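Subject: Structure handover

Hello,

Here is the structure we talked about. Please open it alongside this email. The notes on its ligand and pockets follow below.

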Amino acid sequence: MNDLLYLQDTFGISGVEFKELAPCYPVIYIVNGFSDACIALHGAHVMSFTPKSHEPLLWLSDAAIYREGKAIRGGIPICWPWFGDHPDNCLPAHGFARNQFWQLVSIVENIEKETVVTLTLSDSEMSRAIWPHKFTLEVTIAVGKSLSVSLKTVNKDEKPFSITSALHSYLNVGDIQKTEVFGLANVFYRDKLSNDQVFMQTGSLHFDRELDRIYGHSGDDEIRVSDSTNTREIVVGKSGSQSTVIWNPWIDKSSKMTDFEEGGYRHMLCVEAANTCDCNIVVEPGESHTLATIISEADKAL
Ligand code: TA6
């Protein structure tokens, strides 16, 4: 049910407003004591997150398309039940979860005064036709001083299934050429631009061309992004994630995407909590797996 009146009457709480970006395309606008955020029911997609009196932490394309079946360019697309291209190229890249409307379950203020939004998606005739498994997805989004997104996969089937997935976060940076990423030194990565060859990361990452890498990253380490133009450091924490994807399309690739605003590549960097082809996750019947990311701005040194 995407009807605005129904949504406002059923789920509206203080600081929450429902609007339509297009007919029957509702989004949730949140304003609380910590930050502002916008979440689309389509794809359970966090579109924006801006801590009070700070620059937005997420990048969102001005040319994004708000139409059922098309993933929003920017924010945090949920890539599930596969990451990347599918062997059958009739099937959408990054799975189908980001291309359809989810059901809103609840919006509450927790004890920390954060606004917590829960949405769910279950298998359907359409999904079973392309991915023959019964499942429930539940995403929980906590909007506070930081933004946390937690994606829980539940196997509702009688047989195990395996997934790859990502919380494909587009971070907002002042200038990609003045941006540096720390926390991946000495980690092996697969370079998508060099026939998936494997290399070892030495030192921090800098950006002066297209970059598309999958880092084998176990544990719950933090990635720190120095956004020097905005004199800040963006911290990306994660859990339930064995790989970290770093991507910037640069000029040529971004210019080929109609929903990627011109020059947008200069102001974005994807830092994705993921489980990709090297480490797919097997979920047993009745069992679950949770992938999560937390995005925040580091407190400035006093
Ligand atoms: O996460 C990086 C990546 O897999 C890139 O290879 C590029 O395809 C990007 O995702 C965006 O994919 P999309 O289907 O959203 O255009």
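First, a term. A pocket is found on a 1 Å grid over the protein atoms alone: it is an open set of points where a 1.4 Å probe fits, with protein on both sides within 12 Å along at least five of seven lines, and its lining residues have an atom within 4 Å of a point. A molecule sits in a pocket if more than half of its atoms lie within 2 Å of the pocket's grid points. By that test, the ligand takes up the space of the largest pocket.

This is a predicted model, where local features need pLDDT of at least 70, side-chain atom pairs count only at pLDDT 80 or more, and totals for chains, interfaces and linings use all residues. Residues are numbered from 1 along each chain as its sequence is written, and side-chain values use heavy atoms, with hydrogens and water left out.

The largest pocket

Its volume is about 730 Å³, counted as the space filled by probe spheres set on grid points that are joined across faces, edges and corners. It has 35 lining residues. Gly84, Asp85, Ala93, His94 and Lys192 lie nearest its centre. The lining has 16 nonpolar, eight polar and eleven charged residues. Here Ala, Val, Leu, Ile, Met, Phe, Trp, Tyr, Cys and Pro count as nonpolar, Asp, Glu, Lys and Arg as charged, and the others, Gly among them, as polar. Strands β16 (211–216) and β19 (243–248) each supply at least two lining residues. Strands are DSSP runs (E, at least two residues), numbered from the N terminus.

The ligand

Which residues surround the ligand? They are Arg73, Phe83, His94, Arg98, His168, Lys192, Asp212, Val245, Trp247 and Glu272, each with a heavy atom within 4 Å. This shell divides into three nonpolar, two polar and five charged residues.

A ligand oxygen is 2.6 Å from an N or O atom of the Asp212 side chain. For Glu272 the distance is 2.8 Å. For Lys192 it is 3.4 Å. The protein covers 80% of the 390 Å² of accessible area that the ligand has on its own (Shrake-Rupley method, 1.4 Å probe).

The second largest pocket

This one holds about 160 Å³. Asp212 is in its lining too, as are Asp191 and Arg213, among others. β16 gives the most, with three residues. The lining divides into four nonpolar, one polar and six charged.

Backbone points

The peptide bond from Trp80 to Pro81 is cis, with omega near 5°. Pro81 is in the loop between β5 (78–79) and β6 (103–109). Ser53 is not a glycine, yet has a positive phi of about 55°. Ser53 lies in the loop between β4 (45–51) and β5.

Best wishes

Note on methods: Polar contact = N/O pair within 3.5 Å; in protein donor to acceptor, adjacent residues only side chain to side chain. Helix = DSSP H or I, 4+ residues; strand = E, 2+ residues; numbered from the N terminus.
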